[in-house]
Amino acid sequence: MALTPMFSHNLKKPHVAVLIDGDGAIFNENLVFNSVEGGITAANLLDQGIRHYLWGESDHFQTCDMFAYMFLNKQGLAATMAEYYKDDPRYRPNTLDNFLAGFTQHKLFLAVDAGQHQQAADKKIFERLEVEIQNAEHVILVGIAHDHGYEDVLRHCPGYEMFNHKLHLLKTYKGSNNQGNILRIFKHNIFRIQDLFIKEKLWRIEPFPISSKRIGLSDLSV
């Protein structure tokens, strides 16, 4: 019984939700190759970069909780990286596993293998978005502009019309093609964190495990 007031209070504490399409936002290879330590560094850079963007040095910088959910096709991403970086002496078969182990050491960060079914990561992101768009103070979307389907789903998300001002886009790739529609959704709520993600898309590799053709490759990546 004594836990109820505390639990209720925690639910009301302001928080930021960070929803990451891990198939469309690939972290800087120097971080990934740095194993567990690289994952820890990436999580801290993500946390601090978002806080600076939202609040600068205001009180919320330290007092607001930040929850990050990375959804990805882990097997597909590992296969693509193994092929793409096969000539890089820093790459090891457990490179991705070690990086994710470090990333999830952050208190409130999770990495979830959504499986190889097509658009599985997308589905998980929007299931989480339906909860967070009403409850979070801000929602940061990462790596979503690579997929044509995101625009319509965003606009049809329950609560979008009332809460779309909460949405922010963290850009990843520097390249930009045909991004006008998805970028207009976020208006001026668009930002980057320097050196956090790879600068160029990984080249297309055949054959693909079911949905791994999506990994960091399509023309709408930012």
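Colleague: Let me start with two phenylalanines. Are F27 and F103 buried or exposed?

Modeller: Both F27 and F103 are buried. Keep in mind that this is a predicted model. Every value here is computed from it.

Colleague: How do I read a pair of aromatic rings?

Modeller: Two values describe such a pair: how far apart the ring centres lie, and the angle between the planes. Now the case here. A search of the whole structure gives 9 aromatic pairs.

Colleague: What kind of pair do F33 and Y85 form?

Modeller: An edge-to-face pair, because the planes stand at 80 degrees, with 5.1 Å between the ring centres. This pair also links distant parts of the chain. F33 is in the loop between α2 and α3 (35–55), Y85 is in the loop between α5 (74–84) and α6, and 52 residues separate them. F33 has a relative accessible area of 13%, so this residue is buried. Y85 is buried too, at 9%. The cut-off for buried is under 20%.

Colleague: Which residues form one aromatic cluster?

Modeller: F27, F99, F103, F109 and F197.

Colleague: Next, the nonpolar core. What is the general idea?

Modeller: In soluble globular proteins, nonpolar side chains tend to be buried together. In this chain of 222 residues, 48% count as buried. The largest nonpolar core holds 39 residues. V18, F27, L46, I50, F103 and I140 have the most contacts inside this core. Seven names to look for give two or more residues each: β1, α2, α3, β2 (65–72), α5, α6 and β4. The largest share, 6 residues, comes from α3.

Colleague: Where can I find another core?

Modeller: A second, separate core has 24 residues, among them L19, A114, L129 and F163.

Colleague: How do I read a covered strand? How many residues of β4 are buried?

Modeller: Check each residue, then each face. In β4, 5 of 5 residues are buried. H138, I140 and V142 lie on one side, V139 and L141 on the other, and both faces are covered. β4 pairs with β1 in the parallel sense over 5 bridges, and V18 stands opposite I140. β4 also pairs with β5 (residues 167–170), again parallel, over 4 bridges. There V142 stands opposite L170.

Colleague: H138 is a polar residue in my eyes. Which side chain does the side chain of H138 make a polar contact with?

Modeller: With the side chain of H168, at 3.0 Å. H138 lies in strand β4 (residues 138–142). Its relative accessibility is 16%, so H138 counts as buried. Beyond its close sequence neighbours, H138 is in contact with H15, V16, A17, L54, W55, K166 and H168.

Colleague: Last topic, backbone angles. What should I expect of phi?

Modeller: Most residues other than glycine have a negative phi. S35 has a positive one, near 60 degrees. S35 is in helix α3. This serine is partly exposed, with a relative accessible area of 27%.

Colleague: What is the phi of D195?

Modeller: About 65 degrees, positive, although D195 is not a glycine. D195 is found in the segment after β6 (190–191). At 42% relative accessibility, D195 counts as partly exposed.

Terms used. Residues numbered from 1 in each chain as written. Predicted model: local features only at pLDDT ≥ 70, side-chain atom pairs only at ≥ 80, totals over all residues. Heavy atoms only, no water. Phe/Tyr/Trp six-rings, centres within 6.5 Å; stacked < 30°, edge-to-face > 60°. Buried < 20%, exposed > 50% of the residue type's maximum accessible area, 1.4 Å probe, protein only. Polar contact = N/O pair within 3.5 Å; in protein donor to acceptor, adjacent residues only side chain to side chain. Contact = heavy atoms within 4.5 Å. Core = buried A, V, L, I, M, F, W, Y, C linked by side-chain atoms within 4.5 Å. Pairing = 2+ DSSP bridges. Lists of a residue's contacts leave out its neighbours within four places in sequence.
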